[in-house]
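Subject: Handover of a protein structure

Dear colleague,

Please find below the structure that I am passing on to you. My findings follow directly after it.

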Amino acid sequence: RGVGSHTTAFDRLIAGNGTWVDVRLWRGRAFNRKLCERHFRVVCSLVESSPEVWTNPWSHVLLSVLLPGSWVPFHQGHTNGQLTYHLPVMLPDEDDHVAELAVLEKHDPSMTELDGKKEEKKVLSHANETIVNWRLGKTLVFDDSYTHAVRYRAPDKPPCLSPDCAYPPPKPRVVLLMRAWHPELEPSEREI
């Protein structure tokens with residue numbers, strides 16, 4: 001099931017179109033023990049040895065999967081007291097497939113105001129956005145309190161289900177996403 005169908009109400013607001021799925025390994029100071037023990041022992045042991053992650057009550061660690069043609073509209077996180085880390089696991093390798101993170105450096109109230117009410121608008125692009133692309137072997141670190149969107153641009157092609165297909169199915173964009181305390185936040189400021 002996609003994000004928003006089984007996750008928080010906020011996720012439901014920002015779910016765009018296409019397929020965006022999260023596989024949660026850690027949330028709210030608790031592991032998904034079954035997944036950690038069976039498939040992700042190294043990742044989960046790294047989280048256990050990282051107090052910047054497990055002492056943060058808003059942190060989570062998950063695999064975020066985005067399929068071609070999917071997008072998550074502009075939105076922003078709830079606090080600048082943590083940073084978001086994206087470690088790419090799988091990226092599209094076709095020339096005409098692009099997975100990208102779009103970030104706005106300045107807050108634009110029009111992105112969250114509809115008829116005077118504060119709510120999320122489903123906006124795909126913005127004239128003042130900065131585009132960042134994931135690269136295998138490089139961790140992308142950003143403050144998700146800045147307005148941002150995620151997109152996986154791909155041409156519309158009919159799915160090829162035949163074993164002798166002329167083109168292989170495109171790869172999903174998969175990142176290991178982790179949120180941890182912002183390093184500039186002093187331990188005394190982290191107490192809730």
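In this predicted model, four strands make up an open sheet with antiparallel pairing, and their order is S4-S11-S6-S9. The edge positions belong to S4 and to strand S9 (129–133); each has a single partner strand, so one side of each is left without a neighbour in the sheet. From one strand to the next, the twist averages 25 degrees.

Strand S4 (residues 71–75) pairs with S11 in the antiparallel sense over three bridges. Within that pairing, tryptophan 71 stands opposite arginine 151 of S11, and histidine 75 stands opposite histidine 148 of S11. Strand S6 (residues 98–104) is joined to S11 by six bridges, and these two strands also run antiparallel. Here leucine 101 of the chain faces valine 150 in S11 as its opposite residue.

Leaving aside residues up to four places away in sequence, arginine 29 touches Trp54, Thr55, Asn56 and Pro57. Arginine 29 and glutamate 48 are 19 residues apart along the chain, and their C-alpha atoms are separated by 9.9 Å.

Tryptophan 26 and phenylalanine 31 form an edge-to-face pair, with 4.5 Å centre to centre and 70 degrees between the planes. Both tryptophan 26 and phenylalanine 31 are buried. Tryptophan 58 and tryptophan 181 also form an edge-to-face pair, at 6.1 Å centre to centre and with 85 degrees between the planes. This pair links distant parts of the chain, 123 residues apart: tryptophan 58 lies in the loop between helix H4 (51–54) and strand S3 (60–66), while tryptophan 181 belongs to strand S12 (residues 173–181).

Are the two tryptophans of that pair buried or exposed? Tryptophan 58 has 47% relative accessibility and therefore counts as partly exposed, the class that lies between the 20% limit for buried and the 50% limit for exposed. Tryptophan 181, in contrast, has a relative accessible area of 5% and is buried.

The structure holds one disulfide. The disulfide joins cysteine 36 to cysteine 44, with an S to S distance of 2.0 Å. About the S-S bond the angle is -65 degrees, and the link of cysteine 36 and cysteine 44 is left-handed. Cysteine 36 and cysteine 44 are both buried. In general terms, a disulfide is a covalent bond between the sulfur atoms of two cysteines.

Finally, some values for the protein as a whole. It has five helices and twelve strands. Of its 192 residues, 40% are buried. The protein exposes about 11300 Å², of which carbon and sulfur atoms supply 55%. Among contacts in the protein with a separation of 6 or more, 79% are between residues 24 or more positions apart.

Yours sincerely

Technical notes
Residues are numbered from 1 along each chain as its sequence is written. This is a predicted model: local features need pLDDT of at least 70, side-chain atom pairs count only at pLDDT 80 or more; totals for chains, interfaces and linings use all residues. Side-chain values use heavy atoms; hydrogens and water are left out. Two strands pair if DSSP finds at least two bridges between them. Axes are lines fitted to C-alpha atoms, for helices over the stretch in contact, and angles run from 0 to 180 degrees between N-to-C directions. Buried means under 20% relative accessible area, exposed over 50%, partly exposed in between (1.4 Å probe, protein chains only). Contact means heavy atoms within 4.5 Å. Accessible areas come from the Shrake-Rupley method with a 1.4 Å probe; for residues, only the protein chains shown count as cover. A disulfide is a pair of cysteine sulfur atoms within 2.5 Å. Rings of Phe, Tyr and Trp (its six-membered ring) pair if their centres lie within 6.5 Å; planes under 30 degrees apart count as stacked, over 60 as edge-to-face and the rest as tilted.
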